[in-house]
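Reader: I'd like to learn how to read packing in a model like this one. Could you take me through it feature by feature?

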Amino acid sequence: MKCTICREKASIQMRQHRLAMCQGHFLDWIPDQTNRFIEKYQMFTQQDRVLVAVSGGKDSLSLWDVLWRSGYQADGLYIDLGIDGGFGYSSQSRRLTEQFASNRGLQLHVVGIEDQYGSSIPGLAERNQRGRGKPCSVCGLSKRHIMNQIARDLGYTVLATGHNLDDEVAVLFGNTLEWKVDALRRQSPVLQEMPGFARKVKPFCRLYERETAAYALMRGIVYIYEECPFSVGSKSLYYKELLNRLENDRPGAKLVYYLSFLRARENDLLIEPQPGPEMPLHLCPSCRQPTPIDGDCAFCRMIRKTASDIEAHSG
Amino acid sequence: MGVKLIVRDQENEVKAGMALMHALEKINLLPEMYLAVREGNILTEDEILNDGDIIKLVAVISGG
């Protein structure tokens, strides 16, 4: 197979675009596409200070690499979740992220959940109702809280995550199956800033996971290959596999699904806009982040409960 | 001699002379979910595999 642009030997075929590319052209194409989406969805400009949430995985490190090469003011935030899984999942991903940042001279902020809040993610999950069974819900709540807190405290206008198209269609598929209208309404390449919340953007939302992985490999980005031990058997991995079966038989199906959803959402074809006032937000007295209820936010309540639990058991 | 296809710590063997796409089908893997790497280079699905090739299959799907 030959590169569509230069007719040299191709390294990757993208059947959904009817394109094949050699390594050199693919390494230019990914940043070009990313910048096109950043502009199209008005995610940010060169004047914005962007905080990239990095996990040590292929998507977030590739995104940070692309933003850095494109000249954006992009710093990283790594949250050490304290997950071991028998192979040092968090310590390995932290080391790879720090190595990535130091090789490129980039600024990385690191927040250690255990150092800062007294317990790792599995520890928090054990001590709270929210995490019974799997700690994914506790992990999501903690990451959202910390990302927003750091962005706000350090003056970043935009928070970027490495979600790719496969992530987006897996979420879309799950929400469509259960017809979760509120969740569908919130799913977007950009979540605009609100008082107390930074703008959240997903510059890779139209790139297939296969493409972000190929970019990382071709660029020589060393990322954590092992899965989070708690993601094994997750619904989202199951949906991704189902959707890839569909893609295999009908190239472009994932992209069409996502773009049709965005179009329907934009044109109010799918979801009736909800009239009425926005729910009033209160300020959490502990962390000063907005929260829908009066008093401490869900994250601060969880941390307080964990601290008193630890104290009760140690005394 | 054949062709070795390595996925994580699992080794599979197929006959030389077939295209990567068919080799993946043979071992029940979806091409969408893997990148095939031979001597550091990513291969397209029409690439013919040669006797003695060692192909690393990198899983591209992640996340929970």
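Reader: Let's start with two helices. How do α7(A) and α11(A) stand to each other, roughly parallel or roughly perpendicular?

Author: One caution before that: this is a predicted model. For a helix pair, look at the angle between the axes, then at how far apart they are. Here α7 (residues 165-177) and α11 (residues 253-266) of chain A pack at an angle of about 65 degrees, with axes 10 Å apart. Angles of 65 to 115 degrees count as roughly perpendicular, and α7(A) and α11(A) are therefore roughly perpendicular to each other.

Reader: And which residues of α7(A) and α11(A) make the contact?

Author: From α7(A) you get Leu165(A), Asp166(A), Glu168(A), Val169(A), Leu172(A), Phe173(A) and Thr176(A). On the α11(A) side, look for Lys254(A), Leu255(A), Tyr257(A), Tyr258(A) and Phe261(A). Sorted by class, the contact has 8 nonpolar, 1 polar and 3 charged residues. The crossing of this pair, α7(A) with α11(A), is left-handed.

Reader: Now α2(A) and α3(A). At what angle do they pack?

Author: Helix α2 (residues 58-69) and helix α3 (residues 89-104) of chain A meet at about 10 degrees, and their axes are 11 Å apart. That makes α2(A) roughly parallel to α3(A). The crossing of these two, α2(A) and α3(A), is right-handed.

Reader: What does α2(A) bring to the contact with α3(A)?

Author: Leu61(A), Trp64(A), Asp65(A) and Trp68(A), which meet Thr97(A), Phe100(A), Ala101(A) and Arg104(A) of α3(A).

Reader: On to sheets. What is the strand order of the open sheet of 6 strands in chain A?

Author: In chain A the order reads β5-β4-β3-β6-β8-β7, and the pairing is mixed. The edges are β5 (108-112) and β7 (190-191) of chain A, each pairing on one side only. Zoom in on β4 (residues 73-80) of chain A: 5 bridges join it to β5(A), and the two run parallel. If you want a landmark, Tyr78(A) stands opposite Val110(A) of β5(A).

Reader: What about chain B: which strands stand at the edges of its sheet?

Author: Start from the order again: this open sheet of 5 strands runs β2-β1-β5-β3-β4 (chain B), with mixed pairing. At the edges are β2 (10-14) and β4 (41-42) of chain B; each has a single partner strand, so one side of each has no neighbour in the sheet. Strand β1 (residues 3-7) of chain B pairs with β2(B) in the antiparallel sense over 5 bridges. Within that pairing, Ile6(B) has Glu11(B) as its bridge partner.

Reader: Last one: how much area do chain B and chain A bury between them?

Author: Contacts involve 22 residues of chain B and 32 of chain A. The two chains bury about 2,300 Å² between them, 53% of it on carbon and sulfur atoms. Glu32(B), Ile42(B) and Ile61(B) supply 27% of the area chain B buries against chain A, more than any other three residues.

Key
Residues are numbered from 1 along each chain as its sequence is written. Chains are lettered from A and ligands numbered from 1 in the order in which they are written. This is a predicted model: local features need pLDDT of at least 70, side-chain atom pairs count only at pLDDT 80 or more; totals for chains, interfaces and linings use all residues. Side-chain values use heavy atoms; hydrogens and water are left out. Axes are lines fitted to C-alpha atoms, for helices over the stretch in contact, and angles run from 0 to 180 degrees between N-to-C directions. Helices (H or I, at least four residues) and strands (E, at least two) are DSSP runs, numbered from the N terminus. Angles under 35 degrees count as roughly parallel, over 145 as roughly antiparallel, 65 to 115 as roughly perpendicular and the rest as oblique. A crossing is left-handed if the near helix is turned anticlockwise from the far one by less than a right angle, and right-handed if clockwise. Contact means heavy atoms within 4.5 Å. Ala, Val, Leu, Ile, Met, Phe, Trp, Tyr, Cys and Pro count as nonpolar, Asp, Glu, Lys and Arg as charged, and the others, Gly among them, as polar. Two strands pair if DSSP finds at least two bridges between them. Buried area is the accessible area (1.4 Å probe) that two parts lose on being put together, summed over both.
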